[in-house]
Amino acid sequence: ETSTAVAPARAAGQRSMIGVPFDRYDEVRIGLIGLGNRGMGMLTGWVAVPGAVVTAVCDTLPDRANRAADTVQAETGARPTVYTGGDRAYEELCASDEVDLVYVATPWDWHFRQGLAAVEGGKHVGIELPIATELKELWQLVDASERFRRHVFLMENCCYGRNELAILRMAHDGLFGELTNGHGGYLHDLRDLLFSGYYEPDDWRRAWHTRMDASFYSMHGLGPISACMDINRGDRFTYLTAMSSVALGLADYRERFMPPDHPSWTETYVKGDRTTILLRTDKGRLVRAEHDVSSPRPYSRINSIAGTRGLFEDYPTRIYVEPDHSGHEWADAQPYLDRYDHWLWRKVGDDAENNGGHGGMDYILQWRIVQQMRAGLVPDIDVYDSAVWCSSVPLSAESIRKGSRPVAVPDFTRGRWREARPGLDSEETDMPEVTRG
Ligand SMILES: NC(=O)c1ccc[n+]([C@@H]2O[C@H](COP(=O)([O-])OP(=O)(O)OC[C@H]3O[C@@H](n4cnc5c(N)ncnc54)[C@H](O)[C@@H]3O)[C@@H](O)[C@H]2O)c1
């Protein structure tokens with residue numbers, strides 16, 4: 001597949017979803033597809049958000065689907081409908097009339113099909129990273145969202161990190177001057193998980209390393225940086241270039257730790273250990289995102305945003321902005337993080353820390369989605385944001401194949417990226433009262 005950057009024509013009757021609010025839902029009925037590590041992890045949060053109710057659960061494996069239903073029943077007293085017994089059981093969940101929002105946490109191969117089935121079944125759908133891995137699939141999700149008038153969005157939890165949201169407010173307040181560059185990514189040593197049978201079925205996540213050389217998971221970096229740079233809200237990514245290192249880490253790990261009869265011995269790893277992508281924006285800004293899950297190292301998402309007056313960088317957290325700082329020395333960022341703390345964290349931060357993973361950002365994301373649906377608000381992250389961030393998967397594969405040549409980034413908004421509009425840097429609003437118990 002090759003990128004063309006030309007937007008396909010809209011079908012008759014198909015209109016943009018930019019700025020389209022959710023209908024108001026008194027209660028948000030949620031159907032979960034995929035109850036492995038992530039799906040079960042997120043279950044706690046879905047059950048805890050005021051006004052959310054998990055009405056359906058689906059996993060290929062009956063044990064997993066039933067375990068999830070048991071958990072919901074134990075927490076709430078009501079048992080969700082269980083869809084299981086085959087890898088197409090999700091089709092029934094997507095067609096059922098007891099679900100308003102579908103949440104997809106399955107292996108990457110399934111995201112596109114399940115997202116599309118949810119929209120065609122009249123549901124809004126939040127999909128784990130990435131929403132799809134091919135450009136034509138990304139366009140199909142945009143088109144389906146526009147045709148069926150349903151929101152499709154990436155469950156980009158890192159956009160709701162406490163630091164990420166505070167930096168966003170700093171950036172919009174001009175603390176860093178005019179933004180010129182941002183750096184992020186996903187640097188996470190997954191080697192033991194990739195080889196341990198953790199991913200079901202068939203160690204699917206390791207299999208991707210035999211299939212293509214691409215930046216699989218840049219969205220954790222691109223989401224928060226895009227928010228700071230108003231991507232699709234005044235600026236846009238114009239082209240991308242990518243480069244990968246040699247792929248050695250997984251084979252080295254296998255050599256040291258895998259028994260001779262392990263199925264991995266038939267595999268050849270083609271995904272470079274370190275993949276770097278660079279994106280240029282219409283306003284001339286530079287974004288770099290890193291991906292590395294095959295090397296020994298501490299976790300990092302880099303999380304840096306920089307401009308004419310200074311910069312912020314995470315891992316470890318630090319800041320340097322004029323006129324406050326000088327002398328080439330990093331300063332303590334905490335006073336700035338406190339001053340710019342986002343309203344979502346002030347409002348629900350304590351609940352978030354008690355109800356879920358990743359330091360609370362997962363719950364903030366879940367709370368915000370349910371709040372937007374119940375209050376009839378416009379989603380912070382829409383199908384256009386999701387599509388452009390996830391286009392880094394096929395575009396990086398293409399650029400790497402072509403010796404790191406630049407490839408054009410499609411404009412999924414079909415020309416409306418110039419319009420300033422709200423996103424993650426939102427005004428404070430309340431969660432509607434729960435009227436039913
Ligand atoms: N945003 C984050 O921080 C974050 C963190 C972890 C994982 N994830 C994402 O969540 C997704 C799931 O990851 P995981 O670690 O839970 O994987 P996993 O292998 O633990 O779970 C996948 C589950 O999906 C089920 N499944 C497979 N095919 C299915 C189908 N056709 N229909 C229904 N169920 C099916 C499997 O039986 C399994 O239970 C991935 O996209 C991953 O990238 C995101």
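Which are the buried residues of helix α10 (residues 249-257)? I began my notes there, and before answering I put down that this is a predicted model, in which local features need pLDDT of at least 70, side-chain atom pairs count only at pLDDT 80 or more, and totals for chains, interfaces and linings use all residues. Residues are numbered from 1 along each chain as its sequence is written, and side-chain values use heavy atoms, with hydrogens and water left out.

**Entry: helix α10**

I found that the buried residues of α10 are Gly249, Leu250, Tyr253 and Arg254, where buried means under 20% relative accessible area with a 1.4 Å probe and protein chains only. Seen down the axis of α10, these buried residues fall within an arc of 135°, so they line one face of the helix; the arc is that of the directions from the helix axis to the C-beta atoms. I then looked up what covers them, and the cover includes α7 (191-195) and α8 (204-211), with contact taken as heavy atoms within 4.5 Å. Helices (H or I, at least four residues) and strands (E, at least two) are DSSP runs, numbered from the N terminus.

**Entry: the mixed sheet**

I traced an open sheet of 8 strands in the order β13-β12-β11-β7-β10-β9-β8-β14, with mixed pairing; two strands pair if DSSP finds at least two bridges between them. At its edges stand β13 (318-321) and β14 (407-408), each with a single partner strand, so one side of each is left without a neighbour in the sheet. Strand β8 (residues 237-244) pairs with β14 in the antiparallel sense over 2 bridges, and I noted alanine 408 in β14 as the bridge partner of tyrosine 239. Helix α9 (residues 219-228) packs on the sheet, touching β7 (179-187), β8, β9 (275-281), β10 (286-292) and β11 (304-307), and its direction makes about 160° with that of β7; axes are lines fitted to C-alpha atoms, for helices over the stretch in contact, and angles run from 0 to 180 degrees between N-to-C directions. I also followed β8 to β9, where the pairing is antiparallel over 7 bridges and methionine 243 has threonine 276 in β9 as its bridge partner.

**Entry: serine 304**

I looked up serine 304 in strand β11 and found it buried, with a relative accessible area of 3%. Not counting residues up to four places away in sequence, serine 304 touches Gly182, His183, Ile225, Leu311, Phe312 and Glu313.

**Entry: the parallel sheet**

Another open sheet has 6 strands in the order β3-β2-β1-β4-β5-β6, with parallel pairing. Here β3 (81-84) and β6 (152-154) stand at the edges, each with a single partner strand, so one side of each is left without a neighbour in the sheet. I recorded a twist that averages 20° from one strand to the next.

**Entry: the ligand**

Of the 30 residues around the ligand, I noted Asn37, Arg38, Asp59, Arg64 and Tyr217 as those that come nearest, a residue being near if one of its heavy atoms lies within 4 Å. A polar side-chain atom of threonine 60 lies 3.3 Å from a nitrogen atom of the ligand, while one of tryptophan 108 lies 2.9 Å from an oxygen atom of the ligand.

Technical notes
Buried means under 20% relative accessible area, exposed over 50%, partly exposed in between (1.4 Å probe, protein chains only). A polar contact is a pair of N or O atoms within 3.5 Å; within protein, one must be able to donate a hydrogen and the other to accept it, and residues adjacent in sequence count only if both atoms are side-chain atoms.
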